[in-house]
Amino acid sequence: MASQDYMNKMQLRQNYRNFWHTDLMSTVQADFPCISSLSFSGPCVSYILRKRALYNDMSRYVCCAGYLPCSGRCGESRCPEFCLCTEVLLCFGNSVASTRFLLQDEFNIQTTQCDNCIIGFMFCLQQVACIFSIVAMIVGSEEIQEASQILSCLSDCVYLTVCACMQTQHKIEMDKRDGKFGPPSAMAVPPIQNMSRIDQPTPPPVGYPPQPAYGQPYGYPPQPAYGQPYGYPPPQSQGYSPQPAYPPAGYPPAGYPK
């Protein structure tokens, strides 16, 4: 039953649409210090990455991330730190693969064809080295024995290199998850826009004064009423005094015959 669930997860993982932030071929260029340290301290880094993949919450830890039949049966709930140390030391390859599956299921990440070829070549080389060792043990030939030792050394080098690249890939993906690459490049959310209301005051005019009404010359005072000469009376604001009434007071002069 557990093996069937595992196969269903593997088939579901093939339908994921997201990709790793960095493929296995580009991990050396993407994070060279990390991959250099992994060459000498693979189990320690595997412990750190698994704990980080669990968001530093060891109460969520399950042996091999729940992908093997022994998961949940090793007393992880009582001492998760000790169980994780045992896993990365005794089952280093499974610890790396379990962290990889855990991240893939969390972020729906699929493995590219190039990554599958690299991992498949690693497994095939290990199988060939194992077969040569068995043949050399049965036959007893020194030449086959030397060839099996060369293949075993080569397969170990490829295995450690691929595991280091995979762990660097996991570390870069969690750096992306935790925002260590800076803010996301997506467009910022626009500010809240308020709809205009009728009771809001009209904004003042900008640039030019308001134009006069239709039929009125631009920049001139309003026309007088009908029957009154244009420009009469003159505006008081320009320093003009009102004209005297007609006839003027004291007219006619004294002594003038009427």
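Here is a quick tour of this protein, from its overall layout down to a couple of its residues. It's a predicted model, so local features need pLDDT of at least 70, side-chain atom pairs count only at pLDDT 80 or more, and totals for chains, interfaces and linings use all residues. Residues are numbered from 1 along each chain as its sequence is written, and side-chain values use heavy atoms, with hydrogens and water left out.

**The big picture**

- The protein has 8 helices and 0 strands; helices (H or I, at least four residues) and strands (E, at least two) are DSSP runs, numbered from the N terminus.
- Of its 258 residues, 27% count as buried, where buried means under 20% relative accessible area, exposed over 50%, and partly exposed in between (1.4 Å probe, protein chains only).
- Take the contacts (heavy atoms within 4.5 Å) between residues at least 6 apart in sequence: 68% of them join residues at least 24 apart.

**The nonpolar cores**

- A nonpolar core is a set of buried Ala, Val, Leu, Ile, Met, Phe, Trp, Tyr and Cys residues joined through side-chain atoms within 4.5 Å.
- The largest one here has 19 residues, and those with the most contacts inside it are Ala53, Tyr61, Leu84, Leu102, Leu103 and Met174.
- Helix 4 (42–53), helix 5 (80–90) and helix 6 (92–107) are the elements that each give two or more residues to this core.
- Helix 4 supplies the largest share, with 4 residues.
- Apart from this core lies another, of 14 residues, including Leu24, Phe92, Leu151 and Cys163.
- Leaving aside neighbours within four places in sequence, Tyr61 is in contact with Arg50, Leu54, Glu76, Pro80, Cys83, Leu84 and Glu87.

**A look at helix 4**

**Threonine 111 in its loop**

- Thr111 sits in the loop between helix 6 and helix 7 (113–139).
- With a relative accessible area of 18%, Thr111 is buried.
- Not counting residues up to four places away in sequence, Thr111 touches Trp20, Arg100, Gln104 and Asn116.
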